[in-house]
Amino acid sequence: MALTLYVDTARWRAHQQSVLQQFPGLVPVCKGNGYGFGHERLAEETTRLGADLLAVGTTYEAARMKDYFSGDLLVLTPFRHGEEPVPLPDRAIRSVSSVEGVGGLVGARVVIEVMSSMKRHGVLPEDLPKLAAAIEDVRLEGFALHLPLDRTDGSDAVEEVIGWMDRLRAARLPLHTMFVSHLKADELHRLQQQFPQTRFRARIGTRLWLGDHEATQYRGSVLDVTRVGKGDRFGYRQQKAASDGYLVVVAGGTSHGVGLESPKALHGVMPRAKGVARAGLATVNRNLSPYVWGGKQRWFAEPPHMQVSILFVPGDAPEPHVGEELVAHLRHTTTQYDRLVDR
């Protein structure tokens, strides 16, 4: 009995190929929990795609991935002076976001991140003149620009990249390769046409692995079902059942990421109203679970346990049975499955 990730493998891989066709030379990204699939599986898929470079989040991830992927590894987290040294092979490429950082990686392969409108990290325009001397001591693999997902000010992503290309050229810095994130296929094509001497490589994770929502599905096995009447007490906190129904114990708890959710950016009146409503219900211990039964998302009977969740299914719904599976709407990047099944 498990929380299972089912993968329609043929459909999933067909989607990967469609992304690869739109973004020639793309750099697959595998970081965190491997977008829900795990590092080893995504290393296998990256090899299947024929990619020569795989981007990972940290040096610790690179140290693990070197045993699964034989190509080059790009570490996305920028180098910082004083960080814990992690033994990595020469095929590892470090990201750097400052002139000082470049100076700390003498002889290493590096990609230099420049500051985008994300304003997260990167070399500033005024520091470009200092880079010319600094890069003589490293093996420069290219520059990188990490762009925002939304542009509420109406600005143009391509124009932002062009602005940096012009600055780098004016500073007489090499422009053989530019790594970019969060560009559309047509935007990347426009840039490649305008700068034919530069190779633009899109770093893509979410769109590549999770872009086809119908290709994957989480399901939790029903472990136990107990009938309860209105007013019956149950659970750790001995709450009272609000009505007749069933307590359904289903695989999937906090150790799997069930009940743990990242904050969301809400846009528009309706999503904000729903967010307020959910918060209000939570104050009276009413929390909607990710599990679906009888065509409806069901409520947690109490907060999820470590490896299981207890749901309340009202008496007018079909009775669940041990061994059946409930579809679960879970976020891939925060979920750890018990098993993965290719179909």
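# Reading a two-domain predicted model

Author: Domain 1 and domain 2 bury about 790 Å² between them, with 50% of that area on carbon and sulfur atoms. The model is a predicted one.

Reader: Which three residues supply 46% of the area that domain 1 buries against domain 2?

Author: The size of an interface is often given as the accessible area lost when the parts come together. On the domain 1 side, N33, G36 and F37 supply that 46%, more than any other three residues.

Reader: What is the average pLDDT of the protein chain?

Author: The average is 93, and 92% of the residues score at least 70. One stretch needs care: over residues 272-284 the pLDDT is below 50. Beyond near neighbours in sequence, that stretch has five contacts in the model. Where pLDDT is low, the predicted coordinates should not be read in detail.

Reader: Take L131. Which residues is L131 in contact with, leaving aside neighbours within four places in sequence?

Author: V99, V102, I112, V123, F143 and L173.

Reader: How do I read a helix? Which residues of helix 2 are buried?

Author: Start with the general idea. An α-helix has 3.6 residues a turn, so residues three or four places apart point the same way. Now the case. Helix 2 runs over residues 39-49, and H39, R41, L42, A43, E45, T46 and L49 are buried.

Reader: What do the buried residues of helix 2 pack against?

Author: Helix partners are helix 1 (9-22), helix 3 (59-65) and helix 8 (206-210). Strand partners are strand 2 (27-28), strand 3 (53-56) and strand 18 (339-342). After helix 2 comes G50, with a positive phi near 80°.

Reader: Next, single residues. Is F195 buried or exposed?

Author: F195 has a relative accessible area of 7%, under the 20% cut-off, so F195 is buried. F195 sits in the loop between helix 7 (185-194) and strand 9 (199-204). Not counting residues up to four places away in sequence, F195 touches I162, M165, R169 and F200. F195 and H176 are 19 residues apart in sequence, and their C-alpha atoms are 9.8 Å apart in space.

Reader: And R190? Why is R190 classed as partly exposed?

Author: Its relative accessible area is 36%, which falls between the 20% and 50% cut-offs, so R190 counts as partly exposed. R190 lies in helix 7. R190 touches D156 and V158, again not counting residues up to four places away in sequence.

Reader: What does the UniProt annotation cover?

Author: The unreviewed UniProt entry annotates residues 11-153 as "domain: Alanine racemase N-terminal". In the model this span is 29% helix and 20% strand, and its end C-alpha atoms lie 36 Å apart.

Technical notes: Residues numbered from 1 in each chain as written. Predicted model: local features only at pLDDT ≥ 70, side-chain atom pairs only at ≥ 80, totals over all residues. Heavy atoms only, no water. Contact = heavy atoms within 4.5 Å. Buried < 20%, exposed > 50% of the residue type's maximum accessible area, 1.4 Å probe, protein only. Helix = DSSP H or I, 4+ residues; strand = E, 2+ residues; numbered from the N terminus. pLDDT = per-residue confidence, 0-100. UniProt positions renumbered as here; feature names shortened; annotations may be inferred. Buried area = accessible area lost by both parts, 1.4 Å probe.
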